[in-house]
Amino acid sequence: MSSHGSSNTGSKTSTGMSSQVKTPATAGIGEDKPKTFDAQGAIGKQFTEEGAIGGTAQKVGGPLDKEGMIGKQFTTEGSIGGSVQSALGGQSGRSN
């Protein structure tokens, strides 16, 4: 016991390890993540209908709509979007 009446030799088994606790800062560590240009990646998702670029095209509509002559080329099944998805998409390795 120390001079102020407390013990520093108590059991540590009930506290666990801090590395086992999920926080926003540690979320996703050790999991596969999409590559940057993948449809779910940081840049690729901007071209989906929910993203900034694709969403604007959806609002404009006409040939830029995802079903339109131009817009359908940028989907993951289209000639431009499909090429990017094939070449640069997919999953990157685990983080950490």
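Modeller: Along the sequence they follow the pattern β-α-α-β. This is a predicted model, where local features need pLDDT of at least 70 and side-chain atom pairs pLDDT 80 or more, while totals for chains, interfaces and linings use all residues. Residues are numbered from 1 along each chain as its sequence is written, and side-chain values use heavy atoms, leaving out hydrogens and water.

Colleague: What makes a stretch a helix or a strand here?

Modeller: Both are DSSP runs, numbered from the N terminus: H or I over at least four residues for helices, E over at least two for strands. Thr 76 lies in the loop between helix H1 (52-60) and helix H2 (79-88).

Colleague: Why is Thr 76 called partly exposed?

Modeller: Buried means under 20% relative accessible area and exposed over 50%, with partly exposed in between (1.4 Å probe, protein chains only). Thr 76 has 37%, so partly exposed is the term for this residue. Of the protein's 96 residues, 18% count as buried.

Colleague: Which residues does Thr 76 contact, leaving aside neighbours within four places in sequence?

Modeller: They are Ala 39, Gly 81, Gly 82 and Gln 85, where contact means heavy atoms within 4.5 Å. Ala 39 is 37 residues away along the chain, with a C-alpha separation of 7.3 Å from Thr 76.
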